Amino acid sequence: MVSFFSLVVAVFIRDRTFFLYSAWLITSLRIAAYNGDWDPYWLGVPLSGDSLQLFLRLTYVAHSLISLALFEALFGKELERARLRPPIKALHLGTASMFLPAVLLQADQSIKLLWVLSGITILVVFVVLSLLVIKAPSRALSWYIGSWVITLAGSIAQIAFSMGLVRGFSDITNSQITSVASALMLGVTLAQRMHAERQARISAQRSAVNALQRFRENYNAMPVGIFAMKLDGTIIEHNPTFADMFKDTGREHSKIGARWIELTNGEALKSIKELTAGNRMMDTELTIERSDGRRRWVHLRAVRKVDRFEGWIEDITPRKEAEGQLKFLVDHDSLTGLLNRRGFELRLLAAVASSSNRPVCLAYVDLDRFKLVNDLFGHAAGDQILRQMATRMREVIQPPHVAARVGGDEFVVIMDGLSLDASRTLCEKLRDDLSNRTYQYQDKAFNVTSSIGVIKVLDGMRPADALTASDRACQEAKASGGSTVVAYDSSSSELISYLDEIRLVAGMKERLPVEKFFTQFQPIVSLRNPESTLCYEVLIRMRDSGGKVVPPGRFIPAAERNGLMTQIDRWVLRSTLEWFDTQPAHRDSVDFCTLNLSGASLNDEKFLQDTIALIRAHPESSRKICFEITESVALYDLKTTRRFVDRVKSFGAMVALDDFGAGYTSFSYLKELRGDLVKIDGNFIRDVNLNRENQAITRAVVDLAHELGMGCVAEWAENAAIVRSLIELQVDYAQGYGVCRPLDRERLLAVSNPVPLIDDRETSEIITGSATGSRRVAPGVTIPI
């Protein structure tokens with residue numbers, strides 16, 4: 001009945017363990033019944049003799065197999081974790097192999113084999129159980145071990161009783177009683193196992209419930225909208241974020257039952273259906289028109305299931321608006337909203353490229369004396385004026401024309417399709433609107449005028465060149481008094497001059513790398529010892545593409561405006577030092593050789609490093625070099641200039657203070673920078689015989705220089721009369737066309753002093769005669785030689 005009950009339970013709960021337990025009860029109790037002679041019949045069939053013995057042997061084998069299977073079913077996980085399943089599998093195979101001997105061998109032989117197998121099985125099982133007790137102890141395991149102990153005890157008692165060893169315990173420890181007790185304990189084991197499994201299921205259910213609760217909480221707290229909808233677009237599930245995203249659609253809370261088209265639009269549903277075809281994961285960005293007319297951006301990911309779409313949606317409108325603002329700021333000015341420098345260049349290039357025969361003009365707009373507003377009232381006032389100015393420009397400059405801000409108070413206007421005359425008329429209107437209406441800031445009103453320069457953009461003109469050309473026109477407008485418009489047409493001399501400069505600079509850039517410039521040398525004649533000294537200034541010269549010499553007054557200012565003078569100065573210094581090294585005899589006869597430095601070079605740290613490197617590489621030649629520094633350049637950054645002077649003088653080079661007297665701070669300049677020579681500005685020397693003030697200033701400079709231990713060089717010595725006056729004023733050196741014009745280096749190599757190079761006979765006689773006469777020299781003065 002117990003076996004039948006177990007079998008029914010096994011069928012209902014579909015548990016293999018109960019089925020094995022039912023079979024184990026049948027075989028176990030069947031063996032016990034036979035041993036006690038209780039049941040000579042099996043299911044009403046009488047068994048005796050050999051058939052009974054055969055049935056008994058087969059029952060033993062089946063009981064062993066079922067016992068092993070039940071053991072494995074009860075403790076399979078523990079055996080797997082302890083890696084003890086292989087011995088049990090081996091016992092399975094060994095026991096199963098006993099069916100043939102049980103059938104084919106004699107009873108006594110098969111019984112012996114069964115006893116041997118039983119002994120091995122018992123030994124292996126108890127070893128395995130011992131290891132399980134150590135590695136995976138449990139209550140179920142304890143009960144199971146108890147059932148095996150009872151079974152083993154009953155078997156031993158039965159054997160002892162059969163052998164006549166004991167008699168008093170047979171009624172208590174016979175095989176029937178021990179079988180029933182073992183079955184009960186195994187039932188308890190099974191119940192304990194069921195209890196443990198039940199507790200595990202309860203724990204798993206609790207974990208699942210907790211996980212589901214956490215999932216629901218996370219689902220509801222997700223910052224993105226999660227949804228599911230039918231294939232026709234009907235919403236069937238969503239989280240609160242999804243409802244909040246579409247609360248402006250008329251339904252405040254639940255969106256279940258709502259149509260996707262109502263929440264978004266038909267294109268969005270169409271996109272979902274197309275992009276999720278073939279079970280693909282859709283990932284895209286969509287735009288939705290809000291009820292207030294504003295555009296909304298969403299990031300949508302969805303996948304198609306059998307009967308629904310599932311996905312999430314995120315509102316990315318703030319991010320898209322920020323991206324749009326960043327893209328706007330790439331080409332637009334943050335203060336005024338107009339195009340910036342980059343946007344202006346792109347728009348101008350586009351206008352020129354699409355113009356064909358259509359004219360394109362460019363206007364440069366600059367506020368007159370705007371700096372005063374910033375200085376007196378602060379930058380907040382200046383910014384407000386610039387915003388108001390941009391607003392007025394938008395009112396006047398309508399598409400296809402466009403305005404841009406390219407500097408602090410500097411604006412440009414691209415006029416697409418207007419002739420130069422029409423552009424000038426539009427600019428006059430703009431100037432009038434900008435200049436004749438007051439600008440408001442708090443309780444203050446400002447009158448700020450504007451100057452405008454207009455040009456026609458020529459074919460092939462770069463945006464930077466067009467901007468500079470229009471800026472020149474604007475500068476002319478400001479120079480004429482401001483609040484006016486100046487236009488350059490293609491025949492304007494100013495525009496032609498600028499275009500020539502562009503070509504000139506392009507030619508310089510082409511020739512700079514291959515060093516196609518050349519140098520000339522203008523002697524600096526000593527008025528004390530003309531026949532025993534040799535000094536000169538190195539002058540840079542340039543030839544155009546046709547081989548014609550370009551005047552320095554043309555290419556040097558152009559090079560300065562276009563950032564090329566540093567390269568030119570570096571080339572002049574290097575070529576002079578290298579030439580000196582190739583002419584050591586000439587170099588040794590030279591007292592000093594002056595080189596002009598531009599402001600860009602003097603304030604360029606890389607140029608200073610390169611200069612020191614060249615001086616180190618040419619130590620002998622460097623001692624003959626005298627760097628000329630002008631007052632305006634030196635005082636721009638006095639600290640940097642002083643550092644440059646100290647460095648080059650530490651290597652033996654000399655320094656001359658050029659154009660002395662041209663500025664307003666010359667004496668301070670003389671005090672701050674102790675040079676070796678003072679070159680008096682030519683404006684004083686040229687009229688020294690015509691202007692008593694010039695003569696007095698020259699005398700004062702000479703006396704001051706001598707008192708400070710420096711020599712004097714007078715520039716622009718144009719005639720013999722000037723040279724005579726310079727000698728009387730105790731000037732040390734004279735330089736100018738009246739003494740000697742610039743020469744090629746070959747002529748210098750042929751002389752040891754400059755006297756043979758003086759073209760004017762009278763000047764030569766004055767200079768050589770002064771050297772033989774008696775001249776007063778200020779005490780303590782050392783003339784550099």
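**Legends to close-up views of the predicted model**

**Figure 1. Overview of the protein chain.** The protein chain has an accessible surface of about 40,100 Å², and carbon and sulfur atoms account for 55% of this area (Shrake-Rupley method with a 1.4 Å probe; for residues, only the protein chains shown count as cover). The model is predicted: local features need pLDDT of at least 70 and side-chain atom pairs pLDDT 80 or more, whereas totals for chains, interfaces and linings use all residues. Residues are numbered from 1 along each chain as its sequence is written, and side-chain values use heavy atoms, with hydrogens and water left out. The chain contains 33 helices and 24 strands (DSSP runs numbered from the N terminus: helices are H or I, at least four residues; strands are E, at least two). Of its 785 residues, 46% are buried (under 20% relative accessible area; exposed is over 50%, partly exposed in between; 1.4 Å probe, protein chains only). Among contacts (heavy atoms within 4.5 Å) between residues at least 6 apart in sequence, 64% join residues at least 24 apart.

**Figure 2. Packing of helix 15 against helix 16.** Helix 15 (residues 370-377) and helix 16 (residues 379-396) pack with their axes 6 Å apart, at an angle of about 140 degrees (axes are lines fitted to C-alpha atoms over the stretch in contact; angles run from 0 to 180 degrees between N-to-C directions). Helix 15 is therefore oblique to helix 16 (under 35 degrees is roughly parallel, over 145 roughly antiparallel, 65 to 115 roughly perpendicular, and the rest oblique). Helix 15 contributes F370, V373, N374 and F377 to the contact, and helix 16 contributes H379, A381, G382, I385 and L386.

Figure 3. Leaving aside neighbours within four places in sequence, R431 contacts N436, S450, I452, S483, T484 and V485.

Figure 4. Not counting residues up to four places away in sequence, T576 touches V538, C593, L595 and I625.

**Figure 5. E345 and L467.** E345 belongs to helix 14 (residues 341-353) and is partly exposed, with a relative accessible area of 27%. E345 and L467 are 122 residues apart in sequence, with a C-alpha to C-alpha distance of 9.3 Å.
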